[in-house]
Amino acid sequence: MKIIMLGAPGAGKGTQAKSIAKKYGIPHISTGDIFRANIKNGTELGKKAKAFMDQGMLVPDELTLDLVMDRFAQDDCKSGYVLDGFPRTIPQAEALTAALAQNQETVDYAIDIAVPDEAIVERMSGRRACLTCGATYHVVYNPPKKADVCDICGAALVQRDDDKPETVQKRLTVYHEQTQPLIEYYEKQGILKQVDGTKDMSEVFEEIIGILG
Ligand code: AP5
């Protein structure tokens with residue numbers, strides 16, 4: 001099963017993608033996590049990506065596409081995957097469609113998690129992230145058992161650099177301009193499913209399971 005998660009920054013794509021990956025036994029591929037791991041490890045890609053991410057801008061397609069295509073080629077992707085944060089532009093979506101078509105494959109579902117902009121800023125300000133294992137928490141809606149410590153790996157939780165309110169506003173603008181057109185792109189392909197992301201996390205997940213079966 002090949003699934004794409006769509007939605008604004010902070011809509012809950014990562015939260016739901018992790019649960020989907022666990023339930024269906026497929027890898028969760030997050031381009032944001034891949035970039036953040038590169039930043040943490042001080043790679044050349046990480047240095048380049050950080051300059052864009054810290055300003056709330058998208059990393060250019062030429063830095064993103066090869067990275068994702070290499071990841072798809074790995075063995076664990078043979079039975080599918082859930083993509084979180086990719087594609088994010090029409091050229092990225094077209095590149096994905098073309099790459100899959102080479103093997104007579106298509107995406108099965110594009111799930112759009114709908115959350116109004118007003119709710120996004122509050123969610124982002126309360127998010128805490130583990131840069132070691134990629135787990136995500138929220139100080140109110142999904143707190144860790146011990147404050148600022150990851151339940152899974154015990155590392156210290158941090159607030160992401162791009163979760164400052166002014167950067168979140170920029171990310172929302174970029175989302176509306178460059179990523180939202182993907183909703184229409186996948187609607188035309190007949191695979192778009194929309195869920196109400198303002199509900200409780202477990203209710204959103206139930207709605208998604210109802211779609212995926
Ligand atoms: P990325 O890491 O993908 O960020 P994003 O898309 O902006 O999404 P987020 O991770 O911020 O949010 P999310 O929707 O996953 O929400 P989450 O589940 O964490 O990308 C970061 C940057 O990398 C981009 O800005 C760009 O620069 C670059 N990049 C990445 N991919 C790229 C690409 N393909 N091309 C170019 N550049 C790329 O939830 C948010 C918070 O809300 C959490 O605290 C969570 O606990 C809480 N929450 C979740 N669901 C609920 C709920 N139902 N109710 C209450 N709280 C909830």
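The model is predicted: local features need pLDDT of at least 70, side-chain atom pairs count only at pLDDT 80 or more, and totals for chains, interfaces and linings use all residues. Residues are numbered from 1 along each chain as its sequence is written, and side-chain values use heavy atoms, with hydrogens and water left out.

Q: How many salt bridges does the rule give?
A: A salt bridge is a side-chain nitrogen of Lys or Arg within 4 Å of a carboxyl oxygen of Asp or Glu. Under this rule the count is 13.

Q: Is R36, the salt-bridge partner of D33, buried or exposed?
A: D33 and R36 are three residues apart in helix α2 (residues 31-40), about one helical turn; helices are DSSP runs of H or I with at least four residues, strands runs of E with at least two, numbered from the N terminus. Their N to O distance is 2.9 Å. Buried means under 20% relative accessible area, exposed over 50%, and partly exposed in between (1.4 Å probe, protein chains only). D33, at 27%, is partly exposed, whereas R36, at 19%, is buried.

Q: Which residue forms a salt bridge with K50?
A: K50 lies in helix α3, and its partner is 111 residues away in the loop between β6 (136-138) and α7 (165-179). The closest N and O atoms are 3.5 Å apart, and the partner is D161.
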